[in-house]
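Please consult the sequence and coordinates alongside the text.

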Amino acid sequence: MTNEAKMIAYGPVPSRRLGQSLGINNIPPKICTYSCIYCQIGRTLNMNVNQQAFYKPKEMLKDVKNKVKDAKSKKEPIDYLAFVPDGEPTLDINLAEEIGVLSSLGIKIAVITNASLLWKKDVRDALCKADWVSLKIDAVNPDIWRRIDRPYKSLKLEKILEGISEFSQIFNGDLVTETMLIQDVNDSVKELENVADFISGLNPKKSYISIPIRPPAEKWVKPVDEHRINMAYQIFKEKDIDVEYLIGYEGNTFAFTGNVESDLLSITSVHPMRKDGVNNFLTKAKSDWSIIEKLIKENKLVELEYGGNKFYMRKLL
Ligand code: SF4
């Protein structure tokens, strides 16, 4: 095994979307088709759209096998082998073969891709071998897309969106989408409605709205505030999309404890609760509204308005 190959697998790490996942870094840092303004690994130094071979699938299998063995000996569960590299995973020409050999381990396979190469049939075919695929859809307006994702110059959004739609029709696994919201870039009502329209046509299992929670590539980038997140959430919901937000509470979400306060924070860290929903929850928990006032006062919960209704959401980190 080469030194490089030893670096391929990492974890397992906890993730809200995938449970315990063993990460697979199949791309050397940082080769990508995009240079997103919010990228947490900085600007893309090597922008590329040409697929290449980086590691030998057999070396990858060996490395992953070792990590799986390690985890088993420590009794750490692994729910997914997840391709989450420091770049764009579909730039790896061996992706289909790698997913094929890794499948022999009997663990589900996930790929988080920016979707920019889905206009290529071989990329769609490779991703079809995975069990769970997350596609980035930050914008459907070409100008906004260029501003936020800063794509390689030859990429065309129209072709990418067509490829995404085609993929959604042939993929048998769990398809999810992720939309990063950046203040004054892609957070207008019009763009959010158009993005939601497009996503609803894909019929994803889940659609995530996220904000940058680590320092972005460009210092001027600002995440949207709770009001905008709630607005985006409601716009997606109106299109019948199963939507959640990812705002940085990976660890304890959905850990129902029976403690009213922490359960409320846990629920509202994933989606806002409407006032009547909060009332129902409090009644069931034999509690009252004073707990909401306390959490607002402590700056842990925020009250928001949308469409004439009041919503409650966990305060951003
Ligand atoms: S697609 Fe991902 S890795 Fe590439 S620049 Fe954007 S955020 Fe960074």
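## Lys239 and its partner

Lys239 counts as partly exposed because its relative accessibility is 27%; buried means under 20% relative accessible area, exposed over 50%, and partly exposed in between, with a 1.4 Å probe and protein chains only. Lys239 forms a salt bridge with Asp197, the closest N and O atoms being 3.4 Å apart. Since Lys239 lies in the loop between α8 and β10 and Asp197 in helix α7, the pair ties together parts that are 42 residues apart in sequence. Asp197 is likewise partly exposed, at 43% relative accessibility. A salt bridge here is a side-chain nitrogen of Lys or Arg within 4 Å of a carboxyl oxygen of Asp or Glu. Helices (H or I, at least four residues) and strands (E, at least two) are DSSP runs, numbered from the N terminus.

The model is predicted: local features need pLDDT of at least 70, side-chain atom pairs count only at pLDDT 80 or more, and totals for chains, interfaces and linings use all residues. Residues are numbered from 1 along each chain as its sequence is written, and side-chain values use heavy atoms, with hydrogens and water left out.

## Packing of α7 and α8

Two packed helices are described by the angle between their axes and the distance between the axes. Helix α7 (residues 189-202) packs against helix α8 (residues 226-238) at an angle of about 40°, and their axes are 9 Å apart. This angle makes α7 oblique to α8. Axes are lines fitted to C-alpha atoms, for helices over the stretch in contact, and angles run from 0 to 180 degrees between N-to-C directions. Angles under 35 degrees count as roughly parallel, over 145 as roughly antiparallel, 65 to 115 as roughly perpendicular, and the rest as oblique.

The crossing of α7 past α8 is right-handed, the near helix being turned clockwise from the far one by less than a right angle. In the loop between α7 and β9 (206-210) is Pro204, which counts as buried at 11% relative accessibility. The C-alpha atoms of Pro204 and Phe171 are separated by 11 Å, the two residues being 33 residues apart along the chain.

## Other salt bridges

The whole structure contains 17 salt bridges. One of them joins the side chains of Glu244 and Arg16 (2.6 Å, N to O). Glu244 lies in strand β10 (residues 243-246) and Arg16 in the loop between β1 (9-15) and β2 (19-24), so this pair ties together parts that are 228 residues apart in sequence. Both Glu244 and Arg16 are buried. A network of salt bridges links Arg16, Lys206, Asp242 and Glu244.

Within helix α5 (residues 142-149), Asp143 and Arg146 are three residues apart and therefore separated by about one helical turn. Their side chains meet in a salt bridge (3.4 Å, N to O). Asp143 counts as exposed at 54% relative accessibility, whereas Arg146 is partly exposed at 46%.

Asp63 lies in helix α2 (residues 57-73). Asp63 is buried yet has no salt bridge, the nearest side chain of opposite charge, Lys67, being 6.6 Å away. The Asp63 side chain does reach the backbone nitrogen of Ile8, at 3.4 Å.

Met273 is found in strand β11 (residues 273-274) and counts as buried at 9% relative accessibility. Met273 and Met313 are 40 residues apart in sequence, with a C-alpha to C-alpha distance of 6.7 Å.

Note on methods
Lys and Arg count as positive and Asp and Glu as negative; His and the chain ends are not counted. A polar contact is a pair of N or O atoms within 3.5 Å; within protein, one must be able to donate a hydrogen and the other to accept it, and residues adjacent in sequence count only if both atoms are side-chain atoms.
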